[in-house]
Amino acid sequence: MFGDAIKRQLSGLGGSDAVVPPGMYRTLRRKITALMLLTAAIPLAIMAWLNYHEYQKALSREIQNPLRVIVNKSKNSFELFLAERTSAVGFIAQAYSFKELADEKDLARILKILQTEYVGFVDIGLINDKGELVNYVGPYNLKGHNYAEQTWFNQVRIKGRYISDVFMGFRKFPHVIVAVRHSLDSGESFIVRATLDTHQFDKIISSMGLEPGSDAFLLNRAGILQTDSQRFGKVLDQFSLPMPPPASEAAVLQQQDGEGNDVFFAYAYFPDSDFVLAAIKPKAQMLRTWYTVRGDLVFIFGAGVLAVFLASYKITDQLLRRMREAEEARELALRQVEHSQKLSSIGRLAAGVAHEINNPLAVINEKTGLMRDLIGLRDDFPDKERFLLLIDSVLKTVMRCRDITRRMLGFARRLDVTLEEININDVITETSGFLNQEALHRKIDLTLDLDADVTGIVSDRGQLQQVFLNILNNALAAVPDGGHIAIRTVGDAEGVSVIVRDDGCGMSKDTMACIFEPFFTTKKTKGTGLGLSITYGIVKRLGGEIGVESELDKGTAFTLRFPKHPKHEA
Amino acid sequence: MRMEDVNILLVDDEREFTATLAERMELRGLTVRCVYSGEEALKEIAADKPDVVVMDVMMPGLKGLDILRHIKATNPEIQVILLTGQAGTRDGMEGMKLGAFDYLLKPLELDALLGKIAEAAAIGGKA
């Protein structure tokens with residue numbers, strides 16, 4: 001599918017013989033740029049995405065581990081706290097006899113010692129086999145109460161020890177009951193039951209040293225809060241999130257809290273009691289470093305895409321410029337062929353006409369010549385002088401016609417592309433002869449200053465004629481009636497220079513910069529804009545140089561330079 | 001050999017031109033025969049061998065260059081001056097390569113033609 005898309009895009013780049021319309025280049029530019037951007041940006045995006053996720057995963061692990069460790073450690077603290085209290089109660093149950101514990105004074109003393117040695121004990125009571133509270137020291141007035149029907153009583157009778165969930169006790173402090181059974185040799189047993197306030201729980205939690213925004217608390221397996229939570233309510237409230245699956249070791253879940261924030265939920269189930277320690281840390285807080293990294297990644301990705309875009313734009317630009325240049329060169333070549341074909345047909349026509357005219361001209365010439373011969377032989381011919389003058393005039397006119405046809409034939413001959421030794425002065429004389437009539441008509445002073453020492457150069461006569469014809473035509477178009485055009489040749493050992501100077505309208509710098517470009521014309525509808533570009537092409541092909549100097553309203557000078565031998569032949 | 005004794009054959013399909021040119025040459029005392037096609041020219045050459053042939057290149061039927069080839073093959077001593085209406089075309093150059101004495105462009109100046117005939121006759125050992 002992607003391949004098809006690329007193929008579709010590329011099909012726009014395929015060459016066709018039709019001349020590319022300018023709008024096509026814009027579409028082409030968009031397509032190429034988009035394609036290059038796509039091919040470069042997609043791997044970049046994939047890499048950035050992979051990087052993002054891999055890093056995030058690694059970072060999560062890095063973040064979860066300490067959380068797990070701290071939860072585990074705190075769970076151990078809790079267990080140690082409870083184990084200590086339980087074993088203290090157990091010790092009392094073992095060390096004292098039922099009788100001693102049943103003594104109110106003794107029990108009060110024991111409670112006092114307990115409270116001194118262990119923080120958190122609130123009361124202590126002795127319960128006999130039947131569930132009756134035999135002795136009690138503490139803030140409640142519970143003596144005589146029967147616990148036989150209570151679940152915990154049965155549990156302690158079966159398991160030997162029992163730690164209760166938290167409940168609200170006297171003075172509205174949360175409390176926990178620790179109960180231990182002692183079996184006597186007689187088979188009877190009694191239970192020592194003590195109440196602890198959970199103030200110590202809060203202490204352990206605060207010793208976890210969690211940052212602000214994080215939360216840690218104790219739950220029971222039923223999801224009832226056993227300590228106050230910063231965000232999930234007070235002690236004995238129902239925990240709003242679902243309970244995590246039981247695990248013997250501390251585990252970390254990634255989930256959302258009640259408000260939809262991503263959080264790490266670290267927890268540990270207590271193996272010997274009903275408690276679950278939970279710690280909740282907002283992800284955003286823990287991933288703060290990650291966000292910096294992500295910022296960098298986004299920046300690098302953005303910069304990469306921008307660089308790719310700029311590069312592809314630049315490359316496309318160059319590519320299109322080359323294409324356009326090639327297209328223009330091809331078009332120019334086509335036009336040149338068209339132009340020379342046109343010239344060729346004109347040339348053939350001219351040759352034919354010249355030939356056809358030359359024969360009758362020859363007849364006129366001979367007939368008139370015979371007339372002159374005959375009249376010359378007769379001394380008594382009336383008005384002999386007058387007739388001879390008239391005949392001479394006819395003969396001169398015939399010769400003028402002959403010159404015209406010869407020039408036409410010369411024009412036709414130019415189309416045969418051959419290199420031969422040429423005297424450039426002859427070529428210039430012949431070519432300027434074509435324009436004499438127009439120059440005469442417009443009273444333009446067309447002067448030739450030809451260096452007699454010009455040596456022959458190897459070149460193409462016809463092509464040279466076209467060059468001079470083009471330049472002289474331009475000069476004629478530039479000068480006003482009565483203006484001046486001067487052609488000068490200078491020969492030296494390496495070749496010939498030709499300077500064609502006119503005092504016409506001249507050109508601005510902007511115009512001068514464009515004159516050799518194809519299709520550039522100042523003649524509006526009259527010109528094709530090809531003359532000087534063809535001239536330039538011919539001069540280059542003949543191994544020559546062409547230069548121009550011009551000043552607005554002062555005139556223009558074309559300087560052409562031809563070597564004795566062209567370095568590269570046409 | 002004097003100019004008057006040079007045996008000249010004029011060949012051109014343009015009768016008005018050929019006849020008039022011949023008349024002008026006769027007025028100057030030259031011996032000139034006229035024919036108006038290549039075929040006639042071959043017959044005339046066979047009948048009476050000329051010293052100099054003045055011949056148009058472009059003719060219907062046998063072309064000037066064909067006759068030139070024939071002359072140079074059979075009678076190389078006959079000098080041929082070609083006439084052409086097309087300046088500097090391949091025909092003129094080709095003729096020179098085939099052994100023509102020279103070629104002249106129409107319309108021509110009579111004096112120039114007479115000069116060429118004199119030169120050609122001299123080479124042929126007549127003048």
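Author: In this predicted model, 18 residues of chain A are in contact with 16 residues of chain B, contact meaning that the C-beta atoms, placed from the backbone, lie within 7 Å. As the model is predicted, local features need pLDDT of at least 70 and side-chain atom pairs count only at pLDDT 80 or more, while totals for chains, interfaces and linings use all residues. Residues are numbered from 1 along each chain as its sequence is written, and chains are lettered from A and ligands numbered from 1 in the order in which they are written.

On the side of chain A that touches chain B, helix 8 (288–377) and helix 9 (384–413) of chain A each supply at least two residues; helices (H or I, at least four residues) and strands (E, at least two) are DSSP runs, numbered from the N terminus. Helix 8 of chain A gives the largest share of that side, 13 residues. By class, the side of chain A that touches chain B holds seven nonpolar, five polar and six charged residues. Here Ala, Val, Leu, Ile, Met, Phe, Trp, Tyr, Cys and Pro count as nonpolar, Asp, Glu, Lys and Arg as charged, and the others, Gly among them, as polar.

Chain B contains an open sheet of five strands in the order 2-1-3-4-5, with parallel pairing; two strands pair if DSSP finds at least two bridges between them. Its edge strands, each pairing on one side only, are strand 2 (31–35) and strand 5 (102–105) of chain B. Neighbouring strands are turned by 20° against each other on average, direction ignored; axes are lines fitted to C-alpha atoms, for helices over the stretch in contact, and angles run from 0 to 180 degrees between N-to-C directions. Strand 1 (residues 7–11) of chain B pairs with strand 2 of chain B in the parallel sense over five bridges, and Leu10(B) stands opposite Cys34(B) in strand 2 of chain B. Helix 1 (residues 15–27) of chain B packs on the sheet, touching strand 1 and strand 2 of chain B, and its direction makes about 170° with that of strand 2 of chain B.

Elsewhere in chain B, helix 2 (residues 38–47) and helix 3 (residues 64–74) pack at an angle of about 20°, with their axes 10 Å apart. Helix 2 of chain B is therefore roughly parallel to helix 3 of chain B, a term for angles under 35 degrees.

Note on methods. Two residues are in contact if their C-beta atoms, placed from the backbone, lie within 7 Å. Angles under 35 degrees count as roughly parallel, over 145 as roughly antiparallel, 65 to 115 as roughly perpendicular and the rest as oblique.
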